[in-house]
Amino acid sequence: MSTYTTLNIEDDRTSANGITLSFHDVRYEVKQKLNDVPICGKTGMKDILNGVSGYFPPGLNAIMGPTGSGKTSLLDVLAQRKDPRGLKEGLVLLDNEKPPEDFRLMSGYVDDVVMGTLTVRENLAFSANLRLSSKRFDKQAKKDKVDHVINQLGLQACADTLVGNEFVRGVSGGERKRVNIGMEMILDPPILFLDEPTTGLDANTANLTVLLLYKLAEGGRNVIMSIHQPRYSIFTLLQRLVILNKGDIVYSGPTDASVEYFRNIGYSCPQFHNPADYFLDIVGGDVNTAKLIGNLNASQEDSAEASDPKVKEAKLVDAKAITEAMTADEEKDNSRYLVDSFAKSSLAMVESQRLDEIKQIFFSNTGSDHLVARKNVFPGTNYANGFFKQAAIVTRRTVINMVRNPMLSIAQVALQVVFGVLIGLIYYQSDTSFESGIQNRAGCFFFVITWQVMANLSALDLFIRNRKHFIHESASGYYRVSVYFIAQVFADLIPNRLFPNLIFSAIIYFMIGFQRTVAKFFFFVLTLFATAISASSMAFLVSASVRLFAMANILVSLPYILMMLFGGFLANTESLLDWLAWIKYVSIFRYGINALTVNEMKGLVFIDNSSYPGFNISSPTPCLSTIDHTLIPKCTTGETYMDMQGIPYGVWETWENLVLLGSIAVGFLLLAYIQMRRVNKFK
Ligand SMILES: Nc1ncnc2c1ncn2[C@@H]1O[C@H](COP(=O)(O)OP(=O)(O)OP(=O)(O)O)[C@@H](O)[C@H]1O
């Protein structure tokens, strides 16, 4: 049995031997646009890794190369984070065997995904609570683990400081990087992947960060990072190096041997020059500059004239000019030369021998005689904790997040109060006169429902806001998609939709003077709740489907407008185009307006005061009598109005509106959940 299969991710398992990761003939391609025509433009496949091979033993290892050379892609393929559909061919092995199914759970992948509204300790505790099994780690053990990681990463001074985000000042960039590493160190993973961990850090902080990684690699952990241009002090810490250029390997081997290797193929790294910079000059196309720097250095040793700064500068200017004048063919030739040189080098022979040995062991164990592209890398997840435990932890974080960032909730309540008072004043103590009683009520219901739908546009942000966190955490096996979905939806619906709605209802109901019975008031509140939930659910669906808020806004506007049009207030739904008539059956506006109308209009009598001033509508209701027409004022009932509008007002029909609003909400929530499950968790 291999080392990794015997490892348990919950053990403190920085084993003395560690795990060797090897990759064999990895070919990766991506779909790309061939022209600038939007949407229906031609697409084609682009190779971004051209059959690369190598291995990383325990220790600090790096993938280097100029921008766009494929560093991140290779790192992601090795970490099983890259979309497997692009993997044309290749094999990644851990200690001569295929990685276990839960490889992404046992390995650490560092990304910038700490939550800014939580403290350093709270972020680490979130990772510990979800990723360490409660059966093996009790509360205290998890707390100890968090403390251990805080000490290990030197985060004691900022342990209880908020990490910070665009609104709140938090820890420094270097500390933030360390917290991100800490999120993975909670698992004590045998393999740790990092994509450009020094990017955005000043030289000293970058140095300290890599020193920390070096320490983490001591004792057998395999730390693999992509890095663009390490400074010399970082370069010397690297055990093995893979240098890529345009998806090809131009060097793979011990870092110690790299300078000599490049000297052997004609690129002599000058003294006092950072080899990493020099290698990048070579592979990045500044080949003449690199060569000239080498020559310059050599000539400096035997010529006093060459050490003259003016001469030196002139030569560098010449080199740059030559580089600029270098044709595409020459650049191609240089790339080819570097790739071929490595392929034919004695170092490559040794590497290849080692890789062949690994493959032989793998093939003899599995009986396979060919390289297998692994298409199925996210097969199943064995979560460390059960559904309810996960739900409690994720909900807690969502609530803390909201409490510490309460702007949205406060704005929702404030808006509902302001609009409530405004609507209340506009329709203040509406009478039951023939002239305005019906019109005011009908207008008010339309306005209230429209407001309930529009006020929930902020729900569009729900799954867009923390999408990056969701993708990383879900791919790393923190929690089930359903847990995240439920936690987010409830933490949004209750404080941002239902609570403000209750305040809004209480304000307008009594200011306008709707029928004062307890049952009618609660039915009114229930209708607004149902409307808000259905409208929000639709917004959740859009939010789960797109990445941009602006796009979400555009997508949700059209259905809202159509639903409004088919709501029954702006146009008679029977007279609208037949082929669009179905929209009325899914119109949130229609069910909301109908429910409010039945609730209020049923039992009301509207009197024409102008024909009979001072008439009191309280019983007996003379308008229903036909004894003497001349004395009876013009009047109508709420029921007559509803008959004219085609609004059914039986008991079941009244409740049916709420049932249908609920069904729309459930339907949209279900679709939103499916969309969240479909979110691409690969890079
Ligand atoms: N999913 C993708 N879709 C389209 N192109 C992609 C995708 N992933 C990678 N590429 C392309 O593949 C090439 C290599 O990308 P990659 O990010 O691996 O390079 P890199 O060396 O890490 O670059 P950098 O240092 O700039 O991050 C680039 O040209 C990139 O645009």
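Predicted model: local features only at pLDDT ≥ 70, side-chain atom pairs only at ≥ 80, totals over all residues.
**View 1. Helix H4, end to end.** H4 covers residues 120–131, so 12 residues in the count behind that expected span. From first C-alpha to last, H4 reaches 17 Å, close to the 16 Å expected.

**View 2. What sits around H4.** The rest of the structure largely encloses this helix, because 10 of its 12 residues are buried. Among the buried ones are Val120, Leu124, Phe126 and Leu130, and also Arg121 and Arg131. What do the buried residues of H4 pack against? Their partners are helix H5 (139–152), helix H6 (173–185) and helix H15 (387–404).

**View 3. The shell around the ligand.** There are 13 residues around the ligand, and Ile48, Thr67, Lys71, Thr72 and Ser73 come nearest. Sorted by class, the shell holds 10 polar residues, two nonpolar and one charged.

**View 4. The six-stranded sheet.** This open sheet runs S5-S6-S7-S3-S8-S9, with mixed pairing. Its edges are S5 (108–110) and S9 (248–254), each pairing on one side only. Neighbouring strands are turned by 15° against each other on average, direction ignored.

**View 5. A helix on the sheet, and a strand pair.** Helix H10 (residues 275–283) packs on the sheet, touching S3 (59–64), S8 (240–245) and S9. The direction of H10 makes about 25° with that of S8. Over at S5, pairing with S6 (residues 191–195) is parallel, over three bridges; Val110 has Leu194 in S6 as its bridge partner.

Definitions and conventions: Residues numbered from 1 in each chain as written. Helix = DSSP H or I, 4+ residues; strand = E, 2+ residues; numbered from the N terminus. Expected span 1.5 Å × (residues − 1). Buried ≥ 20, exposed ≤ 12 C-beta atoms within 10 Å, placed from the backbone. Contact = placed C-beta atoms within 7 Å. Near = placed C-beta within 6 Å. Nonpolar A, V, L, I, M, F, W, Y, C, P; charged D, E, K, R; others polar. Pairing = 2+ DSSP bridges. Axes fitted to C-alpha atoms, helices over the stretch in contact; angles between N-to-C directions.
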